[in-house]
Amino acid sequence: MKRSLFAVAALVLAGCAAGPPRLDTTYTSANQDSRAQYLVIHFTSEGFESSLETLTRGDGKVSSHYLVRDNPPTVYQLVDENRRAWHAGASSWLGQTQLNAASIGIEIVNLGLKGPPGAQTWAEYPEAQMEVVMALVRDIIKRHQIRPDRVVGHSDIAPQRKVDPGPRFPWKRLADEGLIVWPDAADVARRLPAFEVAMPDIVWFQDRLQKHGFSVPQNGALDEATVRVLAAFQMKYRPSRYDGMPDAETAAMLDVLTGP
Ligand SMILES: [Zn+2]
């Protein structure tokens with residue numbers, strides 16, 4: 001009898017020791033912000049069923065906070081916003097690396113680039129799906145106060161590996177609502193003639209792309225890595241041509257975005 005009472009007491013004590021401390025929440029600091037500093041937009045390059053499988057039960061160890069279905073347009077929350085989803089992988093933007101830790105990820109069901117070699121086309125984002133995406137993006141940005149220069153595509157933060165959400169994603173719609181940074185068209189037109197006369201060298205492009213946010217080589221060479229970064233920039237800001245070649249219009253847009 002004595003021994004069993006002792007055992008019960010020990011259990012109770014152990015329970016107390018392992019329990020959480022009692023918290024007094026009387027005071028709150030004014031000095032804080034959201035852990036979510038970035039919003040990253042993706043396409044799944046798969047249909048809904050396999051996207052859901054990949055992002056929830058698949059063994060690929062990938063996930064996202066949200067999955068936006070195309071038909072019917074539906075937003076699924078797969079990971080709580082306060083927890084880390086695994087969508088960005090090796091990534092960098094504005095000097096911050098490993099964006100999973102500081103971002104919210106949205107995967108949009110969209111097939112991406114499909115078709116036989118030589119005749120590939122990018123899948124469209126249907127209007128009904130985009131309306132749902134826009135509502136979700138607005139809400140996340142507002143609640144977490146995410147800066148316009150930190151709302152990015154996967155291709156921005158991992159241009160060597162990724163092309164999503166691709167050239168069909170209507171970034172301009174986000175720009176029109178002030179949700180992302182965008183080069184003012186009149187400013188671009190004003191600066192364009194000077195760049196048509198004298199194209200900046202690759203050192204200039206690499207410097208400006210880095211200032212804009214990309215991780216890009218700073219070696220003065222138009223190497224494969226630099227071409228991929230240029231293509232990522234063009235895909236977002238001038239989707240009519242994204243060959244990754246430096247040109248006057250790209251220079252003018254970069255100058256407006258990063259210059260004085
Ligand atoms: Zn992605």
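I began with Leu94, which counts as partly exposed because its relative accessibility is 34% (buried is under 20%, exposed over 50%, partly exposed in between, with a 1.4 Å probe and protein chains only). Leu94 is not a glycine, yet its phi is positive, about 50 degrees. I placed Leu94 in the loop between β4 (92-93) and β5 (96-97); strands (E, at least two residues) and helices (H or I, at least four) are DSSP runs numbered from the N terminus.

I noted that this is a predicted model, in which local features need pLDDT of at least 70 and side-chain atom pairs pLDDT 80 or more, while totals for chains, interfaces and linings use all residues. Residues are numbered from 1 along each chain as its sequence is written, and side-chain values use heavy atoms, without hydrogens and water.

I next looked up Ser45, in the loop between β1 and α2 (48-56). Its phi is also positive, near 55 degrees, and Ser45 is partly exposed at 31% relative accessibility.

I then turned to the zinc ion. Its protein donors are His42 (ND1), His154 (ND1) and Asp164 (OD), 2.0 to 2.1 Å away; donors are N, O and S atoms within 2.8 Å of the metal (3.2 Å for Na, K and Ca), and water is not among the atoms, so sites may look incomplete. His42 lies in strand β1 (residues 38-43) and Asp164 in the loop between α4 (154-157) and α5 (171-176), so the pair ties together parts 122 residues apart in sequence. Both His42 and Asp164 are buried.

Finally, I checked the peptide bond from Asp164 to Pro165, which is cis, with omega near 10 degrees.
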